[in-house]
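Visitor: Please walk me through this structure, one feature at a time. I'd like to learn how to read each of them.

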Amino acid sequence: MSHDISHSTKNAKLYAKRYGNTDMWEEALEESIPYYHVSGMDEPDLPVILNEDPENVNFVHWPFMPFEFAPKINGKPMKTLHARDDRIFTEKSIYRGAAESRRCLVMLDGFFDEYKKGDKTFPYYIQLKTKEPFMVGGLWQTFTDPVDEVETNTVTLVTGPANKEVAWVRNEVPYTPESRMMFIVDKKDDETWLHGSPEEAKALIKPFPDGKLDYYPCQPLKTVKRMHRFYLGNVPSLLEKRHYKELD
């Protein structure tokens with residue numbers, strides 16, 4: 001599952017077309033910078049519509065940090081970037097409370113994934129064919145640091161079954177139900193995802209319709225120096241199409 005995304009690179013009118021109004025997005029964009037590429041591993045703040053505050057854009061920490069009773073890794077609180085739709089509502093799920101009462105919408109411009117051919121991988125950028133931003137279904141939770149008691153809202157992105165286009169990019173062909181992608185929420189379903197019952201919300205998670213995504217080989221996200229791989233940073237050129245002769 002992709003940890004690499006882009007957000008806040010477009011103008012307020014485009015975001016308002018998808019959700020809310022121009023004023024709320026102009027105010028939000030003043031608090032952020034355009035992210036042509038950012039990795040979830042860098043733990044960025046993402047533009048989020050919380051079900052408890054649907055009239056405003058909140059920048060929320062990604063990844064999700066469950067309550068203190070959740071499992072810990074090397075003594076540190078567990079963090080998750082994505083949550084599978086077939087697990088979030090189960091009785092013992094660490095996401096169950098959030099899935100039932102703390103759902104949200106996360107505004108993205110696109111995401112990156114890798115296509116493999118032979119022994120090489122090639123970066124692909126995936127966005128709507130309209131080049132408009134889109135909403136991903138998310139779950140949020142307030143994490144209280146056990147040391148300094150500082151509270152931080154955190155978010156995870158829900159994944160559901162992939163459509164055939166994303167499955168192809170990820171070399172998951174022939175297509176199987178195990179192919180995954182971020183759950184892109186249809187605009188008409190915003191209210192149900194935010195405020196509907198758990199059963200209603202769960203019923204929304206279906207493969208994104210084929211034919212609505214644009215996907216193409218893009219510039220490499222990383223470079224190799226002295227045997228180490230480094231991200232190239234947050235630069236617009238990463239979204240540009242690139243020709244790789246190996247893909248001919």
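Guide: Let's start with a charged pair: K120 and E246 make a salt bridge, and their closest N and O atoms are 3.1 Å apart. This pair ties together distant parts of the chain, with K120 in strand β10 and E246 in the segment after β17 (228-231), 126 residues apart. Bear in mind that this is a predicted model, where local features need pLDDT of at least 70 and side-chain atom pairs count only at pLDDT 80 or more, while totals for chains, interfaces and linings use all residues. Residues are numbered from 1 along each chain as its sequence is written, and side-chain values use heavy atoms, leaving out hydrogens and water.

Visitor: What counts as a salt bridge here, and how many are there?

Guide: The rule asks for a side-chain nitrogen of Lys or Arg within 4 Å of a carboxyl oxygen of Asp or Glu. By that rule the count is 9 salt bridges.

Visitor: Which residue does R84 pair with?

Guide: That's D86, with 3.0 Å between the closest N and O atoms. R84 is buried, with a relative accessible area of 18%, whereas D86 is partly exposed at 40%.

Visitor: Which residues are linked in a network of salt bridges?

Guide: Look at D113, R170 and E172. Within that group, the side chains of E172 and R170 meet at 3.6 Å, N to O. R170 is buried, at 19% relative accessible area, and E172 counts as partly exposed at 23%.

Visitor: Now the sheet. How do I read one?

Guide: Strands of a sheet pair through backbone hydrogen bonds, either parallel or antiparallel. Strands here are DSSP runs (E, at least two residues), as are helices (H or I, at least four), numbered from the N terminus; two strands pair if DSSP finds at least two bridges between them. In this model, an open sheet of 5 strands runs in the order β2-β1-β9-β10-β15, paired antiparallel. Its edges are β2 (35-39) and β15 (213-217), each of which pairs on one side only. On average, neighbouring strands are turned by 30 degrees against each other, direction ignored; axes are lines fitted to C-alpha atoms, for helices over the stretch in contact, and angles run from 0 to 180 degrees between N-to-C directions.

Visitor: How many bridges join β10 to β15?

Guide: There are 5, and the two strands run antiparallel. Y125 sits opposite Y216 in β15, and the bridge partner of Y124 in β15 is P217. On its other pairing, β10 meets β9 (residues 110-117) over 7 bridges, again antiparallel, with F111 opposite I126. The β9-β10 hairpin has 2 residues between its strands, and G118 takes a positive phi near 65 degrees there.

Visitor: How many residues of β10 are buried?

Guide: Strand β10 is mostly covered, with 7 of its 9 residues buried.

Visitor: Which residues of α2 are buried?

Guide: In helix α2 (residues 22-29), they are M24, W25 and A28. They span an arc of only 95 degrees around the axis, so they lie on the same side of α2; the arc is taken from the directions from the helix axis to the C-beta atoms. The exposed residues D23 and E27 are on the face turned away from that buried side.

Visitor: Last one: which residues form a nonpolar patch on the surface?

Guide: Patch residues have over 30% relative accessible area and no salt bridge; like charges are joined within 9 Å, nonpolar side chains (Val, Leu, Ile, Met, Phe, Trp, Tyr) within 5 Å. Here the patch is W168, V173 and Y215, with about 280 Å² of accessible area together, areas being computed by the Shrake-Rupley method with a 1.4 Å probe and, for residues, only the protein chains shown as cover. V173 lies in the loop between α4 (164-169) and β13 (180-182), and is exposed at 56% relative accessible area.

Key. Buried means under 20% relative accessible area, exposed over 50%, partly exposed in between (1.4 Å probe, protein chains only).
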